[in-house]
Amino acid sequence: MGKKQPGAEHRLNSPESWVDQYGDFLYHFAVSRVKDPSLAEDLVQETFLAALGARKNFQGRSAVRTWLIAILKHKIVDSIRKRVRESTSDRVESIADAAAGDSADVEFTGKGGWRIRPARWAANPLETYRQKEFMDVLYRCLGQLPQRLAKAFLLREIDGLSTEEICKELNISATNSWVMLYRARMWLRQCLEKRWVKPEE
Amino acid sequence: MSHWMFSCKEVSRKVSESMDRQLPAHQRMLMNLHLMMCKYCRRFKDQLLIMHRALNSEDLPPGDADACPHLSGQACERMKQALKDELAKGNK
């Protein structure tokens, strides 16, 4: 009926138009996560440049905006990681060390029961993430996740790669990938449980 | 721990794994059986789902709609220039 929407193909061919189309949204997203406007600006620019380099690999599996946001999320986590590294305290080190082993051993009793029972995060669990503080803590925890685990986890959760794709990317076995993803989730969960003050409690 | 029942530790593994692949039927059954009976493992599963949704979300945080930050014209120009330069480099 109306005019045909310009396809992803077309939009990919004019990277400069990304700035007009997605710049403000990406910037808003970045500012809300990193709080620092000039850093946010840099991250958006890095995102566009990375996207330009990777656009041949963009298979149109998602919308262009989704694709750009995924790249931006990686940049945000990287920048938080860098900041955490620079101000490394002993406390952070000790968390990272604990995660180097199997954090599940710490979480469970010898009989396989919960040592500390998981808390209830919200009355409506699936709405939890909309709370601003939750996102902040989550990203901070992500920035502290041991790098190898973080890589596997972000490929899975942010880029939505399948286990097979992750194995190829990281050159590991399927079993290994499940173990890494498990450890990453256990570690993050623990970090959130420690740092996130539940509003309703 | 009897061999036909999963412990919480085993269930935590299986819940995570089920987010990455289709579990074999009998494992799925044992996992669901345990989840039905164990509220802490249900919480654990909810927590993993919350993390998953949070990371997938493209939502902007609520409450800053009134202070919606925009890129300055200068910043836009700088980014376009950077992209142009990069493209020119690629075409050489």
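Analyst: Let's start with a term: a pocket is an open set of grid points with protein on both sides within 12 Å along at least five of seven lines. Please keep in mind that this is a predicted model.

User: Which residues lie nearest the centre of the largest pocket?
Analyst: The lining of this pocket is made up of 32 residues. Helices 3, 4, 8 and 9 of chain A each give two or more residues to that lining. Nearest the centre are A70(A), H74(A), L155(A), D159(A) and L161(A).

User: Which element gives the most to the lining of the largest pocket?
Analyst: Among the elements with two or more residues in the lining are helix 3 (37-54) and helix 4 (64-86) of chain A. The top contributor supplies 10 residues, and it is helix 4 of chain A.

User: How many charged residues does the lining of the largest pocket have?
Analyst: Asp, Glu, Lys and Arg count as charged. Sorted by class, the lining has 13 nonpolar and 9 polar residues, while the charged ones number 10.

User: What volume does the second largest pocket have?
Analyst: This pocket has residues such as L39(A), D42(A), K75(A) and E86(A) in its lining. Its volume is about 190 Å³.

User: Where does the largest share of the lining of the second largest pocket come from?
Analyst: Two helices of chain A, helix 3 and helix 4, each supply at least two residues. The largest share is 6 residues, and it comes from helix 4 of chain A.

User: How many residues in the lining of the second largest pocket are charged?
Analyst: Among the lining residues are E46(A), D78(A), K82(A) and R83(A). The class count gives 2 nonpolar residues and 1 polar residue, with the charged ones numbering 7.

User: Is T163(A) buried or exposed?
Analyst: T163(A) sits in helix 9 of chain A. A residue is buried when its relative accessible area is under 20%. T163(A) has 4% relative accessibility, so it counts as buried.

User: How many helices does chain A have?
Analyst: From the N terminus on, the elements of chain A run α-α-α-α-α-α-α-α-α-α. There are 0 strands, and the number of helices is 10.

User: How many helices does chain B have?
Analyst: The order of elements in chain B, read from the N terminus, is α-α-α-α. Chain B has 0 strands, and its helices number 4.

User: What percentage of the residues of chain B count as buried?
Analyst: Chain B has 92 residues and exposes about 5400 Å². The cut-off for buried is under 20% relative accessible area. The buried part of chain B is 41%.

User: Over which residues of chain A does pLDDT stay under 50?
Analyst: Chain A averages a pLDDT of 82, and 79% of its residues score at least 70. Where pLDDT is low, the predicted coordinates should not be read in detail. The stretch under 50 has 1 contact beyond four places in sequence, and it covers residues 1-6 of chain A.

Conventions:
Residues numbered from 1 in each chain as written. Chains lettered and ligands numbered in written order. Predicted model: local features only at pLDDT ≥ 70, side-chain atom pairs only at ≥ 80, totals over all residues. Heavy atoms only, no water. pLDDT = per-residue confidence, 0-100. Contact = heavy atoms within 4.5 Å. 1 Å grid on protein atoms, 1.4 Å probe; cavity = no way out; pocket = protein on both sides within 12 Å on 5 of 7 lines; lining within 4 Å. Points joined across faces, edges and corners; volume = space filled by probe spheres on them. Buried < 20%, exposed > 50% of the residue type's maximum accessible area, 1.4 Å probe, protein only. Areas by Shrake-Rupley, 256 points an atom, 1.4 Å probe, with all protein chains shown as cover.
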